[in-house]
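The following exercises concern the structure shown below. Each task is followed by a solution in steps.

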Amino acid sequence: MSDTAYATFIEDCRDQRAALTGLIEALQGLRMNPGAPIAIPPALDAATDATMQAFQDARLALNRLIDAYDALPDTQKAGA
């Protein structure tokens, strides 16, 4: 993968991380506010918990990937 393609990939990862963070925060808000317009039925709690854990695991993996890229010297990043 070229440096430019890798930098573009990392930017996409940053976008995906932001989207996951927003989704996680929205789901957490719905679960914490019983009066919210959309409520998670009790029967779906386990599935919701598993989905939340998967989202959080994905965000952690993206964090590790992005942090590794950010730790590279600028001379190894795209456009250097």
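**Exercises on an aromatic pair**

The model is predicted, so local features need pLDDT of at least 70, side-chain atom pairs count only at pLDDT 80 or more, and totals for chains, interfaces and linings use all residues. Residues are numbered from 1 along each chain as its sequence is written, and side-chain values use heavy atoms, with hydrogens and water left out.

**Exercise 1.** Determine whether Phe9 counts as buried, partly exposed or exposed.

*Solution.* Buried means under 20% relative accessible area, exposed over 50%, and partly exposed in between (1.4 Å probe, protein chains only). Phe9 has 34% relative accessibility, and therefore counts as partly exposed. Tyr6, at 26%, is likewise partly exposed.

**Exercise 2.** Classify the ring pair of Tyr6 and Phe9.

*Solution.* Rings of Phe, Tyr and Trp (its six-membered ring) pair if their centres lie within 6.5 Å; planes under 30 degrees apart count as stacked, over 60 as edge-to-face and the rest as tilted. In the whole structure, 2 aromatic pairs are found. For Tyr6 and Phe9 the centres lie 6.1 Å apart and the planes stand at 35 degrees, so this pair is tilted. Tyr6 and Phe9 also belong to one aromatic cluster with Tyr69.

**Exercise 3.** Relate Tyr6 and Phe9 to the helix that holds them.

*Solution.* Helices (H or I, at least four residues) and strands (E, at least two) are DSSP runs, numbered from the N terminus. The protein has 2 helices and 0 strands. Tyr6 and Phe9 lie 3 residues apart in helix 1 (residues 3-32), which means a separation of about one helical turn.
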